[in-house]
Amino acid sequence: MDMLAPDHAAAFRAVLARLSPDDAAAVEALAPFAARDAAAAAPHWNFDLPSHAVEAALAAHFGDRLTDAHRRALVALWALELPQRAAAEQLPPEVHALYPEWVGRMADFLTAAEDPYDLDFWAKDVRLSLALSVPGSRTQIIDLSSPLGPGQVVRHVRDGHGWRSAVAYLEAAAWRPWLETHTESRELADFNEAGWDRLWATGAEILKRRPHIAGMLGSSWFYDPPLETISPRLAYLRLNPLQHGAFMVHQGPDEIHTQRAAASSPTRRAMIEAGEYPARAWIGAWPRAARIRWADARKQAAA
């Protein structure tokens with residue numbers, strides 16, 4: 001199946017055509033410069049920085065006239081160019097197999113034109129349309145370059161969470177870039193153990209093509225150890241990687257993690273409101289050699 005089906009291409013062109021001819025021409029003119037700025041910001045730990053860079057480029061031209069229609073039009077324009085960008089990244093077949101569904105969902109979302117443009121969706125759509133992040137499963141995207149600085153590991157040790165992660169960090173040469181995964185809340189069909197296995201396997205195939213990448217990581221409240229008893233159905237998210245060579249780095253509590261931990265579970269929400277459970281974020285880092293070894297063994301077992 002082609003990444004960009006004819007009806008999806010038509011939908012993206014229709015989104016762009018909603019602008020006046022002058023505004024559409026302006027979006028097309030600034031698109032390559034905004035893409036350049038977004039790509040320069042992408043390797044930072046802050047997932048949202050590329051969308052901030054694009055927002056600045058749009059605001060510099062449109063000023064007070066800037067609307068979500070301009071933002072959607074720019075994403076639609078980049079989506080039309082996505083096959084070329086994805087091809088340049090030399091991605092494995094496992095990623096290409098996921099693209100048609102992701103592109104179709106993006107076309108539907110932009111066509112629906114729901115205002116305001118949710119900031120998290122805007123950040124994800126900028127990255128996906130520019131191939132700064134790529135599909136990893138139906139529910140997860142994978143950033144192609146993200147750091148894991150030593151400062152976080154030093155704090156982990158300093159705060160009494162043990163030395164094992166520091167040793168694993170050194171063994172993995174983890175100061176190199178990493179792949180990083182993020183959940184797409186607009187499609188949660190693969191937020192289950194099988195879906196995460198697919199994500200981890202897809203990541204391994206990307207790692208095989210990128211020997212300079214240290215491994216793949218994620219940052220979330222659902223790596224928090226107390227969830228093994230509070231929400232045992234989520235325990236696989238932490239335990240499965242740990243059993244196959246991953247290490248965890250403590251990040252700590254934050255309001256956003258508390259909100260997300262409470263959002264989908266009455267049990268967690270009640271414990272948080274009672275002060276019985278402070279949600280904490282952890283980084284789950286799975287070094288490349290261990291990840292590839294796990295994926296290859298999984299593939300052999302399925303053969």
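These questions and answers walk through a predicted model.

Visitor: How are the residues numbered, and what pLDDT do local features need?
Guide: Residues count from 1 along each chain as its sequence is written. Side-chain values use heavy atoms, without hydrogens or water, side-chain atom pairs count only at pLDDT 80 or more, totals for chains, interfaces and linings use all residues, and local features need pLDDT of at least 70.

Visitor: In what order do the six strands stand in the open sheet?
Guide: Strands are DSSP runs of E, at least two residues long, numbered from the N terminus. Two strands pair if DSSP finds at least two bridges between them. The pairing here is mixed, and the order is β1-β2-β3-β4-β6-β5.

Visitor: Which residue in β6 is the bridge partner of G215?
Guide: β4 (residues 215–220) and β6 (residues 280–287) run antiparallel. Six bridges join them. In β6, the partner of G215 is P287.

Visitor: Is α9 roughly parallel or antiparallel to α10?
Guide: Helices are DSSP runs of H or I, at least four residues long. Axes are lines fitted to C-alpha atoms over the stretch in contact, with angles from 0 to 180 degrees between N-to-C directions. Helix α9 (residues 150–158) and helix α10 (residues 164–171) pack at about 155°, with axes 8 Å apart. Angles over 145 degrees count as roughly antiparallel, so α9 to α10 is roughly antiparallel.

Visitor: Which residues in α10 do P150, V153, H156 and V157 meet?
Guide: Contact means heavy atoms within 4.5 Å. The four residues named belong to α9. Their partners in α10 are S165, A166 and Y169.

Visitor: Does A173 count as buried or exposed?
Guide: Buried means under 20% relative accessible area, exposed over 50%, and partly exposed in between (1.4 Å probe, protein chains only). A173 lies in the loop between α10 and β3. Its relative accessibility is 19%, so A173 counts as buried.

Key:
Parallel < 35°, antiparallel > 145°, perpendicular 65-115°, else oblique.
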